[in-house]
Amino acid sequence: MSEKKDDLRLSRRDFLKLTGGTVAVGGAALSGWGLTELIVDEGPVKSWHKSVCRYCGTGCGVMLGMNKDKLVRVRGDQEAHNKGVICIKGSMLDKVMKSPERLKTPKIKKNGKFVEASWDEAMSLMTKKFKEAMAESGPTSVGFYGSGQLLIEESYTANKLFKAGLGSNNVDGNPRLCMASAAVGYTQTFGKDEPPGAYVDIDHAETFFLIGSNAYECHPPLWERIMLRKKADKNVKIIVVDPRKTKTAEHADIYVPVLPGKDMLLINSMCCVIAELDLMDMDFVQKHVNFNDGKNKMSLEEYKEFLKDYRPEKVADELGITPRLIREVAYQFAASKATMSLWTMGINQRVQGVFLNNTLNSLHLITGQICRPGATPLSLTGQSNACGGVRDTGSLAHLLPNGRLIAKEQHRREMEKLWKVPEGTIAPKPGRHALAMFDGMVTGDVKAALIMCTNPAQSLPNNRYYREGMEKAFLVVSEIFADTETAKYADILLPAALYIEKEGVYGQTERRYQLIEKLREPVGEARSDFDILVDFANRMGKGDLISYKTSAECWDEYRTISKASKYNFYGITRERLKKERGIQWPCPTVDHPGTVRRYIPGDPFVPQGKDVYFYGKPDGKAVVFARPYKAGKEDVSAERPLFLTTGRVISQWHTGTMTFRVPELKHSAGPGRFVFHPQDAGLHDLKKGDKIEVDSSRGKMQGIVDVSEHETPGVVFAAFYDAKFMVNNVVSDDHDPISKEPDYKVTAISVRKLS
Ligand SMILES: Nc1nc2c(c(=O)[nH]1)N[C@H]1C(S)=C(S)[C@@H](COP(=O)(O)OP(=O)(O)OC[C@H]3O[C@@H](n4cnc5c(=O)[nH]c(N)nc54)[C@H](O)[C@@H]3O)O[C@H]1N2
Ligand SMILES: Nc1nc2c(c(=O)[nH]1)N[C@H]1C(S)=C(S)[C@@H](COP(=O)(O)OP(=O)(O)OC[C@H]3O[C@@H](n4cnc5c(=O)[nH]c(N)nc54)[C@H](O)[C@@H]3O)O[C@H]1N2
Ligand code: SF4
Ligand SMILES: [Mo]
């Protein structure tokens, strides 16, 4: 149980010993998993190229060391926002690229077995099947399930092709499992998606409020930046709200160990304390805020009345903490010179995900902890391109580009004009969100789908159910490996180009768009997802609609379209992206420097003379919502006395298709397993290595036990990177009714020891 023996918590030093490499940590004294370079001798570097890491939403700038067409070194880019700091996943990207197991040719399933096929055969069959489905059952019988790891040009093209070309709004993707609650939360509060602030606010904050984020393992360079800030100023305080005592939580000045699924009680209680102690910023509130009960405007007095149900003494027991702790956190949040909130899946992946996002934004609005350096609500993004690629391009079932909604006629008309298609082309009914898309396959309503750059057979909750659908529907899967769980269900497998085998733009957390340039040819016959989509469009007779041929031409089209919106990034040209370390939108003209903070002077959409203006709302005021707490269906009981919560570990990326293949990263993580607090292990007579059966409302599965003091009594943790340990078989698919984002964080379970 000591830290050393606990694989999940392997230290950076142990890890480096494992790789046999040396590590450069640069000038900065890095204290977590950050590093600037992992040097494993793979031959000399002939040329260095600026790029962006392909994995996570931190969006680290990297320098890629190439030896002809071989990637031999990855180094953090000193000139980028991450100031040279990266993490171990990014530093080992070259190993994934050159894996001998890469998928190199198209394959078609015949009598249950994959046989190699030519591109023409594969694409012809795909076209035939899509046309058949549409002819028999209409356009909504086909769909596209994409990814926050596709390039902007790829998601934009798929979205345009399906919604304006094929007449199907069934365009969704894994950001639904990840960012949907944050996107809806921002939109409801400010009238526009994407954060008001930026990473640079970390350098100015005095209080960090991390809730439902394990930044130490999931956003290591940002965590290092927080630690640097703390070193620079002794007044800096870190508050961490998390049921598990993660490495992030261990570094907290104030650790708030709430029980899973109860955060609404905490945030409302903090608002209540702030109101009672007159810690509201009344000047800010009067000028810039409206109150709303979800249906109608309400007065400040009515809002305060609503909060009275959440007095610390009333909610503390249910939260599993003391009233005093709630008061302490509320005071620190409001009274600090500048408070920055950072949150990720512990908040988004919840049945009250949207409400939680609303109320986090509200905390900032009522205290005036917003629109100043260091004071801002910053939702951390999961994937490298969930923001730019999927949220901004509107590649979700209910959206159209740049913040437009399918359900709004005016927005459809605008997009039809911009895309030069006849009025009425875009269907008025939103399409199927992720779970509904796969549910539609189960019921037979969705007959053919293209799945790109995502592995839903492993990542969807209540997985066995949705796999039934994958079995039934005609699936085309574009992948870099043939052995993923989803690839098994494919009828056609298309080999995809990876990372620097293609070019395009990524947009991450702080509205920053960055370019990945092509540095080598794809392996075998692999093609970029962009090329696959353009080819498919042509074969479907939509060559006029998708008339651009290159990623750069697509970018120019999209950039021009953005002019008609408050996401305007017309000034972010390909030429600028080649030179600059990313640019933050809005950026209306080529000589505009980009916008670091929105809704204040410097943002091109803020009218002259206004110090703060929330232009997403008709009256320029943001909305503080009174959102009641509601208990989820998944709660502990005598029958299922433990909470299962799922998430990530530093060395593994999601379903492990890439990182579990790299021996050093695989060894570092170890096999997938259920991790118990020693107290629960004792109660259930379990020790490390025991085999158990876990039972939830969605089914049963077997797995091995691990024990760690970093877990919390009553809560069992599991990560989802190991396909042989399919934890999503038992994770509930209950989801937020508004964002439709599943709650991967709270499932009630019972455990039984197997002899
Ligand atoms: N190493 C690594 N980094 C990654 C990724 C990866 O796969 N591996 N993936 C990227 C992606 S796509 C994402 S979405 C992000 C995710 O980044 P994070 O959200 O930071 O990671 P998770 O492990 O999913 O969950 C975060 C924390 O939520 C806590 N939590 C669980 N239930 C509750 C609750 O009820 N309340 C609160 N307050 N907290 C709760 C968990 O204990 C956990 O520590 O990471 C990104 N970065
Ligand atoms: N239990 C549990 N489940 C979860 C979560 C959780 O916290 N707990 N989190 C959810 C979240 S936040 C997320 S974001 C999802 C992620 O879930 P997924 O998107 O399903 O997971 P990835 O492993 O990122 O899948 C990416 C796939 O694309 C392939 N690939 C890589 N590069 C390319 C490329 O350039 N082109 C193509 N065509 N393919 C490529 C990879 O081999 C891999 O199979 O998981 C969700 N599932
Ligand atoms: S923090 Fe994210 S973007 Fe940065 S190197 Fe690691 S995986 Fe890549
Ligand atoms: Mo994610």
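Predicted model: local features only at pLDDT ≥ 70, side-chain atom pairs only at ≥ 80, totals over all residues.

Guide: In it, an oxygen atom of ligand 2 is 2.6 Å from an N or O atom in the side chain of T655.

Visitor: How much of ligand 2 does the protein bury?
Guide: Taken alone, ligand 2 exposes 920 Å², and the protein buries 99% of that.

Visitor: Which elements give two or more residues to the shell around ligand 2?
Guide: They are α20 (456-459) and β20 (474-479). There are 34 residues around this ligand, and N174, N455, S459, E479 and T655 come nearest. By class, the shell has 14 nonpolar, 14 polar and 6 charged residues.

Visitor: Why is ligand 2 said to lie between domain 2 and domain 4?
Guide: Domain 2 (107-167 + 385-401 + 411-455 + 466-482 + 497-584) and domain 4 (642-753) both give residues to its shell, so ligand 2 lies between them.

Visitor: Which residues surround ligand 3?
Guide: Among them are C53, C56, C60 and C87, along with K89, P220 and P221. Helices α2 (88-91) and α8 (220-232) each supply at least two residues of that shell. By class, the shell around ligand 3 has 8 nonpolar, 3 polar and 1 charged residues.

Visitor: Where does UniProt place the "4Fe-4S Mo/W bis-MGD-type" domain?
Guide: The unreviewed UniProt entry places this domain at residues 46-101. In the model, that span is 16% helix and 36% strand, and its end C-alpha atoms lie 26 Å apart.

Visitor: Why are β22 and β24 said to stand at the edges of their sheet?
Guide: The open sheet of 3 strands has the order β22-β23-β24, with antiparallel pairing. β22 (504-508) and β24 (583-584) each have a single partner strand, so one side of each is left without a neighbour in the sheet.

Visitor: What makes β23 and β24 a pair?
Guide: Pairing needs at least two bridges. Strand β23 (residues 512-516) and β24 are joined in the antiparallel sense over 2 bridges, so they count as a pair. Y513 stands opposite I583 in β24.

Key: Residues numbered from 1 in each chain as written. Chains lettered and ligands numbered in written order. Heavy atoms only, no water. Near = heavy atom within 4 Å. Polar contact = N/O pair within 3.5 Å; in protein donor to acceptor, adjacent residues only side chain to side chain. Areas by Shrake-Rupley, 256 points an atom, 1.4 Å probe, with all protein chains shown as cover. Helix = DSSP H or I, 4+ residues; strand = E, 2+ residues; numbered from the N terminus. Nonpolar A, V, L, I, M, F, W, Y, C, P; charged D, E, K, R; others polar. Domains from an automatic or database assignment. UniProt positions renumbered as here; feature names shortened; annotations may be inferred.
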